[in-house]
Amino acid sequence: MTGEITALLRADLRGKSPYGAPQLDVPVRLNTNENSHPLPEPVAADIEKALSEVVRGLNRYPDRDALALRADLAAYLGHGLDATGVWAANGSNEILQQLLQAFGGPGRTALGFTPAYSMHPIIAASTGTAWIDGRREADFDLDPAHAAAQIAAHRPDVVFVCSPNNPTGTALRPEVLAAVLDAAPGLVVVDEAYAEFARAGTDSALTLLDGRRRLVVTRTMSKAFAFAGARVGYLAADPAVVDALQLVRLPYHLSALTQAAARAALAHAGALLSTVDGIKRQRDRIVTHLTGLGLRVVPSDANFVLFGGLADSRAVWRSLVDRGVLIRDVGLDGWLRVTAGTEEETGAFLTAMDAVIAAGQ
Ligand code: PMP
């Protein structure tokens with residue numbers, strides 16, 4: 001950026017770098033927690049058909065309220081939800097942004113427990129919301145009393161928790177969420193981008209929505225639904241929260257193409273979600289294999305695994321890239337995060353790891 005433009009930029013944005021994982025052209029890309037499986041052919045064909053019908057009407061603006069899509073998302077979620085308690089946007093990132101535009105903003109604060117999804121503080125900054133870095137325990141777990149004490153000390157307008165947490169992978173324990181909900185004076189946003197990958201026995205925060213007006217659960221079609229390129233995220237909350245978001249959403253924010261594609265995809269939810277069990281198997285395979293290599297591995301309810309015990313995580317990341325495997329350096333010294341891919345991709349990663357560890361890194 002030239003000096004002249006920098007001088008015009010909002011002071012609080014000067015010197016910042018844009019968010020983004022490296023998009024390197026290597027054979028095995030396991031760095032952004034995408035679903036490696038392409039859409040099944042019959043699903044792709046139906047989406048194409050739905051899009052071609054919409055194309056003829058693109059002279060008109062789309063349904064501003066995306067009501068049909070919201071009803072479909074509510075039906076997918078269950079828990080007695082209907083369209084009034086569901087809102088959709090271009091990825092859950094836009095959902096998070098709208099939440100902070102409405103409930104955060106200048107003079108307000110948001111708190112999250114680091115390390116968590118790195119976009120939470122970035123979206124806070126872009127909406128002028130002051131960010132409070134909450135702390136986790138040394139093993140990345142959250143202790144209910146410690147979490148509640150931090151919330152009580154700061155009284156943030158918005159609290160973010162991720163379940164399962166990115167980058168650590170573990171789902172929130174119910175007693176932690178209960179403590180957070182009790183302590184928080186404002187909105188509690190549970191980011192459930194990876195909920196569909198949770199191990200058996202993990203309850204979604206959706207089960208707690210009834211009667212809790214300040215609880216918001218965010219979801220995405222980017223991960224389990226293998227639909228990251230379409231950009232569809234959503235939330236479930238009290239209808240009053242959905243009403244509040246109407247004040248900040250741009251009119252017609254979800255294109256007719258996006259709405260049609262998402263609805264056609266949801267009509268095939270079963271087929272799209274059929275990759276989830278296989279991905280969970282690859283995730284568990286990674287956990288077992290890396291544990292066998294003597295590494296520290298965080299229990300995962302997601303489609304990725306955080307592993308540590310690496311003397312030089314940068315060097316390991318680099319050696320993996322040299323072997324054609326891209327994973328994620330999440331900025332935690334000694335730790336790296338890998339997405340569970342197809343059986344072949346996961347195998348390529350594990351073989352590369354064997355070689356890297358054998359080489360003494
Ligand atoms: N929340 C979490 C925890 C994530 O990891 C991601 C994607 N990396 C998102 C939200 C945003 O996903 P999207 O905007 O694709 O829905």
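At what angle do α4 and helix α5 (residues 119-126) pack, and how far apart are their axes? The answer is in the first legend below.

This is a predicted model, in which local features need pLDDT of at least 70 and side-chain atom pairs count only at pLDDT 80 or more, while totals for chains, interfaces and linings use all residues. Residues are numbered from 1 along each chain as its sequence is written.

**View 1. Packing of α4 on α5.** The two helices pack at an angle of about 45°, and their axes are 9 Å apart; axes are lines fitted to C-alpha atoms, for helices over the stretch in contact, and angles run from 0 to 180 degrees between N-to-C directions. Helices (H or I, at least four residues) and strands (E, at least two) are DSSP runs numbered from the N terminus. α4 and α5 are therefore oblique to each other; angles under 35 degrees count as roughly parallel, over 145 as roughly antiparallel, 65 to 115 as roughly perpendicular and the rest as oblique. On the α4 side N93, L96, Q97 and L100 meet M119, H120, I123 and A124 of α5, where contact requires C-beta atoms, placed from the backbone, to lie within 7 Å. By class, this contact has 5 nonpolar, 3 polar and no charged residues. Ala, Val, Leu, Ile, Met, Phe, Trp, Tyr, Cys and Pro count as nonpolar, Asp, Glu, Lys and Arg as charged, and the others, Gly among them, as polar.

**View 2. The shell around the ligand.** Of 13 residues around the ligand, G91, S92, N93, T220 and S222 come nearest; a residue is near if its C-beta atom, placed from the backbone, lies within 6 Å. Helix α4 (residues 91-103) gives the most to this shell, with 3 residues. The shell has 4 nonpolar, 8 polar and 1 charged residues.

**View 3. Packing of α2 on α9.** Helix α2 (residues 41-55) and helix α9 (residues 256-266) have axes that come within 9 Å and cross at roughly 145°. V43, D46, I47, A50, L51 and V54 of α2 make the contact with A256, L257, A260, A261, R263, A264 and A265 of α9. The contact has 11 nonpolar, no polar and 2 charged residues.

**View 4. Packing of α6 on α7.** The axes of helix α6 (residues 144-154) and α7 come within 8 Å, crossing at roughly 20°. That makes α6 roughly parallel to α7. In α6, P144, A145, A147, A148, I151 and A152 meet E175, V176, A179, V180, D182 and A183 in α7. These residues divide into 10 nonpolar, no polar and 2 charged.

**View 5. Backbone details in two loops.** A cis peptide bond joins S163 and P164, with omega about -5°, and P164 is found in the loop between β5 (158-162) and α7 (174-183). A cis peptide bond also joins N166 and P167, with omega about 15°; P167 is in the loop between β5 and α7. A226, although not a glycine, has a positive phi of about 55° and is placed in the loop between β7 (215-220) and β8 (233-237).

**View 6. The contact between the domains.** The domain assignment gives domain 1 (22-39 + 274-358) and domain 2 (41-267), with bounds from an automatic or database assignment. Their centres, taken over C-alpha atoms, are separated by 26 Å. In the contact, 21 residues of domain 1 touch 21 residues of domain 2. On the domain 1 side, α11 (276-292) and β10 (304-308) are the elements that give two or more residues.

Definitions and conventions
Two residues are in contact if their C-beta atoms, placed from the backbone, lie within 7 Å.
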